[in-house]
Amino acid sequence: AAGLWAREVGAMAGVYFPLHPMEHQYIVTEDVPLILDMAKDGLEHPHVMDPAGESYLRQEGRGLCIGFYEQPCRPWAVDGTPWDFGHELLPDDFDKIEDSIAFAYRRFPALEKAGVKSVIHGPFTFAPDGNPLVGPVRGKPGYWCACAVMAGFLQGGGVGKSLAEWIIHGEPEADVFGMDVARYGDYAGNKRFIKETTGQFYTRRFVMTYPNEQLPAGRALRMAPAHSEMTAAGCRWGASYGLEVPLYFAPSPDFVEKPTLKRSNAFDIVAAECAAVRKDVGLLDITGFSRFEVTGAGAEAWLDRVMASKLPAPGRAKLAPMLSDTGKLKGDLTVFNWGDGSWWIMGSYYLREWHMRWFADHMAPDVDLRDISDTTVGFSLAGPKARQVIERLSDGNVGALPFMGCGSFDIGLYRCRVGRLSVAGELGYEIHCHAMDHIGLRRALLQAGADLGLREYGFNALLSLRLEKSFGIWSAEFTQGYTPAQTGMDRWIDWGKDFIGKTAALAERSTPPAQQIVTLEIDALDADAS
C-alpha cells in the first residue's frame, strides 16, 4: 500500500503493477456570497459533477473547490516516482486547464466573483480502468496489495473492509473482482499500455461510456493469428484481457457502430448472425477462451478435489462448478478428459490470472498445471449443419461424438482436439488447434461450409443466442457473490464425494436460498437487456 511508490515497492518483490501517477489540479476559492447565504439557512452546497466541463465542484469551508479532468492530461514520473519526493505540490499550470476554467466560469457564475484562495496541483495514481488494485499476488505467499486507490477518502473504507475480510476469512463478503489485482495479467505490464490506458481513463473521468462503445487506448495489443483475415472479412473487435475478440462481422467496410444506450445500429447485423446459427451453421473464433492443461500422477485426484462435479470419463467433458470454502462460486468451468492422461480446464479468458491464483493456492503434489491459452486457439461450429461441415474435413468419425464427447481428430490438414458442445445451444463442435494452424483451419472450415450457408459470427450474437437458451455466463448470471443453489449450478454437484466448499454447499442444500436466478422475457422496442 505504497501510494505513489507502489511501482517501486512492488518491483522489490518482482511484482509489476499496471498503474501510473497522473497530474491533477484543483482550485479552492475565497468566501463565496452564495455559500454564506446558504450557511445562514443551515444548508451546504451539493456536490456537483459536470461531464461537459470535465469538472467536479463541492463546498470547501465558505468557498468552493473545483477540480478538472482536462483533456490534455499529463502523466507524472513516467520512469518512476523519485524516492526523495515528499508530496510537494507541483508548480501551478493554468495553461493546462485554461479552457476548463473558462467553461466552469460560464457554467457556475458564482466562481467569477470569487477570488482564488489556493491552487493544488499534485500527482495521484490510476490503474488502466481507474479501479484499485487489491488482493493477494500469485506466486508470492503472504504478499498482498492495496494500491492505485484513486479516491482514497471515498474508496478507502471499502478497500480496507474487503482486504481485512479477505486476509482473515479467505474471501471478501462482497464480489470485489472489479478491484482484484488478478483482473490484469502480464500483458498490462507494458509501460506504453499503462500510459495510454491511464491517460484515457483520466480524460474520460466524467464522460459517458456506452455499453457498445469500444475505446482505443492499448488496442490492438494481442491478436489471434487469423485476425487480419477476419478483419478483411468485416470483423469488428472488442477487447478481453488484452486480446482482440470478434463482436460481429459488418457487411460493409464503411459501417460504423454508433455508441448508444438503446438498440445499436448493428442490431440487424447481429440478428442475421443469430439466424444463421439457428438455421444453418455459424463459425466463431474461440481464441478468447481460457485453456489450462492438467497432467501428472496426481492430476485426477487434484481435479476431483477442486471441482465440485463428477469428473468426466475418458473421451468426455463435463460442466464443473468450482466453489470457495464458504460455498460461493469460484468458476463455471468445463473439464475435458482426453483419455491420454491429460485433462483440460476451460473457462473465461479474462479470468486466467484469477483462476491461476486459485489453482496455485490449492495445488497438490504430482500435478503439472499449464496455462496453454496463448498457444492453443480454435473455432467453434454451431447450428443444424455443423456436423456436415466438420465431417467433410475429418479423417475419423467425428460426427459420431456424443453430446459432451471429446477426442483428437485430423480436421483438414490439422491435428485438432474436438469437443461436441456449444454455448449457443445448437448442435456444435469446439475445434482446438495450435496457434500456427489457426489461419489454415479457418480457411478450410469456410470452404467446407460455403454451400451450406456457413457464416462467421461474433460474441454479440453468441450472447444473444445463449440468453435465449437461459445459459448463464460468468460476470453476468454467475459471480463469486452467488452460490450454486442460487444459480442452478448445484445440479452439477457430485454430493457423494469430498470437494472444496462441500460443508457450506450441504448447509445451503438443506436450507434453500431466498433468491434464485431466473430468466425474464422483456418487451422492448428500441432497447435490449444486456
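In this predicted model, helix H9 has buried residues at Arg 352, Glu 353, Trp 354, His 355, Met 356, Arg 357, Trp 358 and Phe 359. The helix runs over residues 352-361 and is mostly covered, with eight of its ten residues buried.

In soluble globular proteins, nonpolar side chains tend to be buried together. Here the largest nonpolar core contains 48 residues, and Phe 17, Leu 133, Tyr 248, Phe 336 and Tyr 457 are those with the most contacts inside it. At least two residues of this core come from each of strand E7 (144-147), helix H5 (191-203), strand E9 (243-249), H7, strand E14 (343-348) and H12. Leaving aside residues up to four places away in sequence, Phe 336 touches Pro 312, Arg 316, Ala 317, Ser 342, Trp 343, Trp 344, Met 346, Cys 406, Gly 419, Leu 421 and Glu 430.

Two packed helices are described by the angle between their axes and the distance between the axes. For H7 (residues 267-279) and H12 (residues 459-468), the axes come within 9 Å and cross at roughly 60°. H7 is therefore oblique to H12. The crossing is right-handed. On the H7 side, the contact is made by Val 270, Glu 273, Cys 274, Val 277 and Arg 278, and on the H12 side by Asn 460, Ala 461, Ser 464, Leu 465 and Glu 468. Of the residues in this contact, five are nonpolar, two polar and three charged.

Definitions and conventions: Residues are numbered from 1 along each chain as its sequence is written. This is a predicted model: local features need pLDDT of at least 70, side-chain atom pairs count only at pLDDT 80 or more; totals for chains, interfaces and linings use all residues. Side-chain values use heavy atoms; hydrogens and water are left out. Axes are lines fitted to C-alpha atoms, for helices over the stretch in contact, and angles run from 0 to 180 degrees between N-to-C directions. Helices (H or I, at least four residues) and strands (E, at least two) are DSSP runs, numbered from the N terminus. Angles under 35 degrees count as roughly parallel, over 145 as roughly antiparallel, 65 to 115 as roughly perpendicular and the rest as oblique. A crossing is left-handed if the near helix is turned anticlockwise from the far one by less than a right angle, and right-handed if clockwise. Contact means heavy atoms within 4.5 Å. Ala, Val, Leu, Ile, Met, Phe, Trp, Tyr, Cys and Pro count as nonpolar, Asp, Glu, Lys and Arg as charged, and the others, Gly among them, as polar. Buried means under 20% relative accessible area, exposed over 50%, partly exposed in between (1.4 Å probe, protein chains only). A nonpolar core is a set of buried Ala, Val, Leu, Ile, Met, Phe, Trp, Tyr and Cys residues joined through side-chain atoms within 4.5 Å.
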